[in-house]
Amino acid sequence: KQMHETMSKNLADAAATEEASIKSHEELMSAKHKEVEALSAAIESKQRTIGELGVQIVTMKEDLDDTQNALASDQKYFAELQKGCDTKTAEWEESSKTRAD
């Protein structure tokens with residue numbers, strides 16, 4: 001009789017331990033699923049940000065190219081304008097010198 005009681009008690013203890021382990025495992029799995037969902041959302045957000053930044057980089061590179069081309073054109077125009085001014089200045093000096101003589 002005592003052996004039966006001991007075995008029944010041991011079985012009840014094992015069942016209780018098993019129930020506690022199952023509950024603990026379910027809680028852990030629930031927490032891990034929530035963590036996976038949160039991290040997946042963070043990854044999607046960061047991938048979206050990466051895509052947006054990629055577009056911005058391409059746009060900025062195009063703007064840089066346009067600006068560099070405009071600068072080269074402006075510098076060429078400035079050189080031509082400077083040359084024209086130098087020519088006009090020389091003509092004016094010669095004209096003024098001729099009038100003075």
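The model is predicted: local features need pLDDT of at least 70, side-chain atom pairs count only at pLDDT 80 or more, and totals for chains, interfaces and linings use all residues. Residues are numbered from 1 along each chain as its sequence is written, and side-chain values use heavy atoms, with hydrogens and water left out.

**Overall form**

The protein has 1 helix and 0 strands. Helices (H or I, at least four residues) and strands (E, at least two) are DSSP runs, numbered from the N terminus. Helix 1 covers residues 2–100.

The C-alpha atoms fill a box of roughly 145 × 15 × 10 Å along the principal axes. The radius of gyration is 43 Å, while a compact globule of 101 residues would have one near 13 Å. That radius is taken over C-alpha atoms, and the globule rule is 2.2 Å times the number of residues to the power 0.38. One pair of residues gives a sense of scale. A72 and N10 are 62 residues apart along the chain, and their C-alpha atoms are separated by 90 Å. A72 is found in helix 1.

**Surface**

Of the 101 residues, 0% count as buried. Buried means under 20% relative accessible area, exposed over 50%, and partly exposed in between (1.4 Å probe, protein chains only). A72 is partly exposed, because its relative accessible area is 43%.

The accessible surface comes to about 9400 Å², and 59% of it belongs to carbon and sulfur atoms. Areas come from the Shrake-Rupley method with a 1.4 Å probe; for residues, only the protein chains shown count as cover.

**Salt bridges**

The whole structure holds 2 salt bridges. The term means a side-chain nitrogen of Lys or Arg within 4 Å of a carboxyl oxygen of Asp or Glu.

| K9 and D13 | 3.8 Å | 4 residues |

K9 and D13 are separated by about one helical turn, because they are 4 residues apart in helix 1. K9 counts as exposed, at 53% relative accessibility.

K32 is partly exposed, at 42%. E35 is partly exposed too, at 40%.

**Charge**

The protein has 13 positive and 21 negative charges, and their mean positions are 2 Å apart. Lys and Arg count as positive and Asp and Glu as negative; His and the chain ends are not counted. The place of a charge is NZ of Lys, CZ of Arg, CG of Asp or CD of Glu.

E18, E19, E26 and E27 form a negative surface patch. Patches are made of residues with over 30% relative accessible area and no salt bridge, with like charges joined within 9 Å and nonpolar side chains (Val, Leu, Ile, Met, Phe, Trp, Tyr) within 5 Å. E27 is found in helix 1. This residue counts as partly exposed, because its relative accessibility is 49%.
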